[in-house]
Amino acid sequence: MKILIWVSVVCVLLLGCKTTATSSKATEKETVDYFADNGFGNAVAVVQHPAGIYHKGVTYVCYQGPLEDPYVASYHHETGEWKGPFKAGTSEMGKEANRRKHIDNHGKPSILIDDADYIHITFGGHGGMAKHGDNPLGNHHYGRNMHVVSKNPLDISSWETLDNIPPFGTYNQFVKMDNGDLFLFYRHGAHRSDWVYQKSTDNGRTFGQPVSFLKHQRRTDMPAVDSWYPWIRKGNGDELLVVYDYHICSDSNPLGTEAGHIPKRYNIYYMVFNTKTGSWKNVKGESLKIPLTRTMAEANTLVATTEGNWTFQGVVDIDSVGNPHIGMTVGEEIKGSRRSAKKQMQYYKWNGTQWLHAATSGLPIGNGDIEVLSPENIRFYIAEETEDKEGEVCRWDSVDGGKTFKRSKVYLSRAAAHFAISSRIENAHPNARLIVAERKSDTDYRKMYLLGDNGPIGRNSTDAQVLSVKEIKSR
Ligand code: ZN
């Protein structure tokens with residue numbers, strides 16, 4: 001009897017092992033390195049941020065999906081469980097098949113988790129439209145800026161709209177301070193609009209009025225309007241760091257229309273916002289009066305000029321002694337062309353008395369984000385554009401205070417593709433630092449990857465393939 005039982009147990013164990021082995025092999029075979037295939041257009045970018053947050057063991061990510069609607073997915077680092085993607089709201093953009101610019105791309109989502117663990121997404125705006133009423137701080141273009149919140153704490157499966165922000169915003173940037181105050185930064189309209197912030201002290205249920213901090217203004221010396229592209233990151237304590245470049249918004253341009261507008265962007269500027277006192281200062285600690293005009297910005301906040309070159313997308317971080325370090329992509333200006341030359345990541349830092357520029361730092365062509373670990377140790381995460389058409393997402397490290405950078409890790413590499421990259425995920429787990437979208441020339445749909453120090457976090461192929469048959473046919 002004992003022997004019989006023993007034999008049965010062994011059989012069960014053996015069978016169990018066999019079953020386990022088979023299924024794990026099958027799972028392995030079906031694992032893909034992306035987490036969703038329904039990214040759309042420029043599904044993520046550095047400017048709309050954060051696009052991801054690590055919170056209580058889970059990384060939450062958002063991106064632009066089909067019809068330019070916002071999608072949210074999550075990954076549990078302990079259990080390896082993915083959830084979503086779930087559609088978090090419906091954009092007013094992306095629904096008109098015959099629109100000249102068929103993907104607008106300005107309404108990509110930004111994400112924030114409030115102190116009560118509700119998840120907030122803002123999306124869908126590119127200046128609003130005439131039907132939304134007068135824009136008191138700028139001009140219209142398209143879309144409607146929107147704000148949705150999860151119906152339940154830390155649950156990405158159901159959402160409700162909060163009608164509590166103006167429709168005119170675009171390029172949303174969300175920050176939560178240590179005391180739980182929320183700040184939403186955005187441009188209050190199309191190119192000829194102020195940049196503003198709104199503050200919420202009740203977990204995003206209501207916001208104060210928009211406060212302008214960068215002013216759009218008609219120039220008197222030429223037919224053009226001053227315009228700006230700031231990017232905001234949390235600094236020390238109550239401070240927010242603001243890096244920005246200048247856009248000269250000309251009345252006439254060679255292509256004649258807004259769609260043919262030329263992205264003339266120049267120079268690098270920096271300032272600091274103290275969210276507790278509401279005061280603004282430059283790198284030397286001198287007070288600034290907002291909204292800043294071009295004259296004030298040039299006199300008090302200039303990091304560097306970029307004559308003969310165009311800029312695109314600044315990023316900033318601060319070191320342990322409080323000095324800012326800046327990344328800005330810079331490339332040759334191409335007159336009369338909508339196309340701009342490939343831009344190389346350039347590195348600037350404040351050493352306590354002056355701005356230094358490592359012109360030959362070795363950083364590649366491409367864009368991405370900066371992370372400052374110490375005054376000597378600086379990292380860039382960059383989606384590179386290489387000559388041989390191979391797209392790579394890499395980490396570049398400096399150990400000499402930014403004089404030189406070396407490529408230290410390749411997170412992802414693909415032939416005949418390149419990548420759209422997000423800002424760094426907020427409070428990131430080392431295994432999930434960035435979100436990237438794989439851009440291929442033959443489709444508007446994108447495979448979405450969650451990347452960290454071990455490369456992409458994989459997922460069961462059945463769950464990662466979420467595009468509907470209708471969407472696949474329209475490729
Ligand atoms: Zn413009």
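Q: Asp-245, buried or exposed?
A: Asp-245 counts as buried, at 0% relative accessibility. (Buried is under 20% relative accessible area, exposed is over 50%, and partly exposed is in between, using a 1.4 Å probe and protein chains only.) This is a predicted model, where local features need pLDDT of at least 70, side-chain atom pairs need 80 or more, and totals for chains, interfaces and linings use all residues. Residues are numbered from 1 along each chain as its sequence is written, and side-chain values use heavy atoms, leaving out hydrogens and water.

Q: OK, which side chain meets Asp-245 in a salt bridge?
A: That's Arg-265, at 3.0 Å from N to O. (Strands are DSSP runs of E with at least two residues, numbered from the N terminus.)

Q: And Arg-265, buried or exposed?
A: Arg-265 counts as buried too, at 6% relative accessibility.

Q: Which ring does Arg-265 lie over?
A: Arg-265 lies over the face of Tyr-229, at 3.5 Å from the ring centre. (For a charge over a ring, NZ of Lys or CZ of Arg must be within 6 Å of the ring centre and within 35 degrees of the ring normal.) Arg-205 is placed over Tyr-118 in that way, at 5.0 Å from the ring centre.

Q: Back to salt bridges, how many does the structure hold?
A: There are 29 salt bridges in the structure. One of them joins Asp-69 and Lys-87, with the closest N and O atoms 3.4 Å apart. Asp-69 sits in the loop between strand 4 (58–64) and strand 5 (70–76), while Lys-87 is in strand 6 (residues 82–87), 18 residues apart. Asp-69 counts as buried at 2% relative accessibility, and Lys-87 as partly exposed at 40%.

Q: What about Glu-438 and Arg-414?
A: Their side chains meet in a salt bridge as well, at 4.0 Å from N to O. Glu-438 is in strand 31 (residues 434–439) and Arg-414 in strand 29 (residues 406–414), so the pair ties together parts 24 residues apart in sequence. Glu-438 is buried at 6% relative accessibility, whereas Arg-414 is partly exposed at 23%.

Q: Which residues are linked in a network of salt bridges?
A: Among them are Arg-233, Asp-317, Asp-369, Glu-371 and Arg-379.

Q: New topic: how many aromatic pairs are there?
A: The structure holds 28 aromatic pairs. (Rings of Phe, Tyr and Trp, the last by its six-membered ring, pair if their centres lie within 6.5 Å; planes under 30 degrees apart are stacked, over 60 edge-to-face, the rest tilted.) Tyr-347 and Phe-380 are edge-to-face, with 6.3 Å between centres and 85 degrees between planes. Tyr-347 belongs to strand 24 (residues 344–350) and Phe-380 to strand 27 (residues 378–385), 33 residues apart.

Q: Is Tyr-347 buried or exposed?
A: Tyr-347 is buried at 1% relative accessibility, and Phe-380 is buried at 0%.

Q: Which residues form one aromatic cluster?
A: Phe-183, Phe-185, Tyr-197, Phe-213, Phe-273 and Trp-280 do.

Notes
Helices (H or I, at least four residues) and strands (E, at least two) are DSSP runs, numbered from the N terminus.
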